[in-house]
Amino acid sequence: VPLEETSLPLFFGWFLLPGIQDKVRCTSMDFLKTLDTLEAFKKHLPDFTVEAEKEVDLEQYFQANGVLHCTTKFCDYGKAEGAKEYADKPAVKELYGSAFELSLSALFVTPRTVGARVSLSGDQLTLWPADAEEVVSVVPAAATTLPAGSRAHITLGCAEGVEPQQTGFDLLEILALQQEGQEGELVEEMELGSLAYYGKGRWLLSLREPISAQACFSSLYG
Ligand code: A2P
């Protein structure tokens, strides 16, 4: 492979610092541990898993993968559309290697993924690619109605055989429902926040106190 084709990373993003990674993982584990014991969750279990199981252990169901991060631009070593343009953006060059505070405002679970929603601030949005929400074929409502940055998330785990990019689609799907005026069925006030159900096995926990996560803007070559 010629060098110019490998000079772009697999992806750019914010990488959580080690201490806060542990905290986010623990919070997510606590949430999963509580969620699968709730009567409401058990009631909707058929939406969650196709198999005729009576119970599911969510901590086993999702596989964790790698260092926790919030992808900004997936470049695929330069093969992804707009990769070079993104890498050349002045903000990307200028802020590469800088520290940020990400605000994690919600946790969500679907039959495919578990993730954290990241609410980006104005300066963080300067690093957000304009086309991130243009996934019309996957989530039709996302491109037209959702503001830039809606897809920002941290993948915390994927069900077997599910690719991490699914986490962003799952989040967009929930946000599109909210945008259409579906508030979700308020299920329970938990210690961490309020839990709502959006049908088809989709759960959203809006955190009472957003988690502030220190992260470094960088890239991964993989
Ligand atoms: P995510 O950001 O949702 O976690 P992989 O391991 O599949 O190569 O992916 C590496 C990272 O890039 C993951 O964090 C993944 O998802 C993200 N990613 C993979 N493919 C895409 C894509 N087509 N668009 C946006 N992000 C992607």
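This is a predicted model: local features need pLDDT of at least 70, side-chain atom pairs count only at pLDDT 80 or more; totals for chains, interfaces and linings use all residues.

One is Lys93: the two form a salt bridge, with 3.4 Å between the closest N and O atoms. Another is Lys84, whose side chain meets that of Asp88 in a salt bridge at 2.8 Å, N to O.

Next I checked accessibility here. Lys93 comes out exposed, at 54% relative accessibility. Asp88 has a relative accessible area of 37%, so I put it down as partly exposed.

Then I went to another pair. Glu173 and Arg202 form a salt bridge, and their closest N and O atoms are 2.7 Å apart. I looked up where they sit: Glu173 is in helix H10 (residues 166-179), while Arg202 is in the loop between strand S8 (193-197) and strand S9 (203-220), so this pair ties together parts 29 residues apart in sequence.

Is Arg202 buried or exposed? Buried, at 8% relative accessibility, because the cut-off for that label is under 20%.

A reminder to myself on the background: side chains of opposite charge can pair when their charged atoms come close.

Last entry, the overall tally. How many salt bridges does a search of the whole structure find? I got six. Among them are the Asp88 bridge to Lys93 and the Glu173 bridge to Arg202.

Note on methods. Residues are numbered from 1 along each chain as its sequence is written. Side-chain values use heavy atoms; hydrogens and water are left out. A salt bridge is a side-chain nitrogen of Lys or Arg within 4 Å of a carboxyl oxygen of Asp or Glu. Buried means under 20% relative accessible area, exposed over 50%, partly exposed in between (1.4 Å probe, protein chains only). Helices (H or I, at least four residues) and strands (E, at least two) are DSSP runs, numbered from the N terminus.
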